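Let's take a walk through this structure together. Have a look at it first, and then we'll start at the ligand.

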Amino acid sequence: MPGKLFLIVGPSGVGKGTLVRALRERHPEFYFPPSATTRSPRDGEEEGRQYFFVSEERFAKMKAEGKFLETATVHETENYGLLREPIEEAIRAGKVIIREVDIQGLHSVHENLDKSKFAAIFLLPPDFEILRKRILKRQPQMPDAELEHRLESAEKELSQKELADFEVVSGEDEIDKMVADVEKIISDATRD
Ligand code: 5GP
C-alpha cells in the first residue's frame with residue numbers, strides 16, 4: 001500500500017513542534033522529512049534534521065528547478081519549502097510521513113499533490129489566552145507588536161481549519177492525549 005503524508009498545521013505556539021518531537025521519539029518507523037528554509041538555525045538545531053538551512057539564492061534556484069512540493073513565506077520574512085523528491089519516494093515506499101507546515105503550505109499541497117496521498121491534522125489551542133502564554137513562554141522578550149501580529153495570524157489560521165481533515169485540541173498539560181489522538185488518526189487513516 002502506498003504511504004501517506006500527514007501535515008500538521010495550526011497557529012504558531014500551538015504545539016506542532018512538541019507533537020512532532022513526540023512522534024519522532026515514539027515512531028522511528030515514520031519518516032520526518034527536513035524542509036528547506038532561509039531562516040538561520042537556532043541553538044541546538046542540526047543541519048538536515050528538521051531543516052536544511054539555505055541562502056535566499058539557493059532557495060530561489062531550488063524553486064526554479066522544481067525541487068519543492070510547496071513554498072511559503074512565513075511571518076513575512078523567511079522562506080520555507082517541502083522537498084518534493086524525498087516525500088514522493090517515501091510515499092511510494094509505503095511510509096507514514098509527518099511534517100509540520102503553515103496554513104499556506106496546506107493550501108499549496110492541496111493544489112500539488114493527489115488527495116489520496118496526504119491528510120492534514122489541525123492542532124487547536126484550547127483558547128487564545130493559553131496561546132498567548134505559550135508564545136510568551138517560548139520567547140519572553142517578544143515585542144508587543146509581534147505578539148499581537150502572531151495572535152492575529154493565529155485567528156486567521158483558525159478560520160481556515162476546515163481545510164484540514166482532522167482536528168485535535170492541544171490542551172494544557174495534555175501532551176500525551178494529543179499524541180494519542182494523532183496516533184489514532186494516523187493508524188485509522190493508514191489501515192487497509
Ligand atoms: P519555525 O521557523 O519556527 O521552525 O517555523 C515557522 C513556521 O513555518 C511554522 O508555522 C512551521 O509550521 C512552518 N513551516 C516549517 N516548515 C515548513 C515548510 O516546509 N513549508 C511551510 N509552508 N511551512 C513550514
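**Around the ligand**

A polar side-chain atom of E70 sits 2.6 Å from a nitrogen atom of the ligand, a polar contact being a pair of N or O atoms within 3.5 Å (within protein, one must be able to donate a hydrogen and the other to accept it, and residues adjacent in sequence count only if both atoms are side-chain atoms). Taken alone, the ligand exposes 510 Å², and the protein buries 91% of that (areas by the Shrake-Rupley method with a 1.4 Å probe; for residues, only the protein chains shown count as cover). This is a predicted model, where local features need pLDDT of at least 70 and side-chain atom pairs count only at pLDDT 80 or more, while totals for chains, interfaces and linings use all residues. Residues are numbered from 1 along each chain as its sequence is written, and side-chain values use heavy atoms, leaving out hydrogens and water.

Oxygen atoms of the ligand get their share too: one is 2.6 Å from an N or O atom in the side chain of R39, and for the side chain of E100 the distance from a ligand oxygen to an N or O atom is 2.6 Å.

Now for the strands (DSSP runs of E, at least two residues, numbered from the N terminus). Strand 5, residues 78-83, has five of its six residues buried, so the rest of the structure largely encloses it (buried means under 20% relative accessible area, with a 1.4 Å probe and protein chains only). Strand 4 (residues 68-74) pairs with strand 5 in the antiparallel sense over six bridges; pairing takes at least two DSSP bridges. There, V74 stands opposite E78.

Note on methods: Buried < 20%, exposed > 50% of the residue type's maximum accessible area, 1.4 Å probe, protein only. Helix = DSSP H or I, 4+ residues; strand = E, 2+ residues; numbered from the N terminus.
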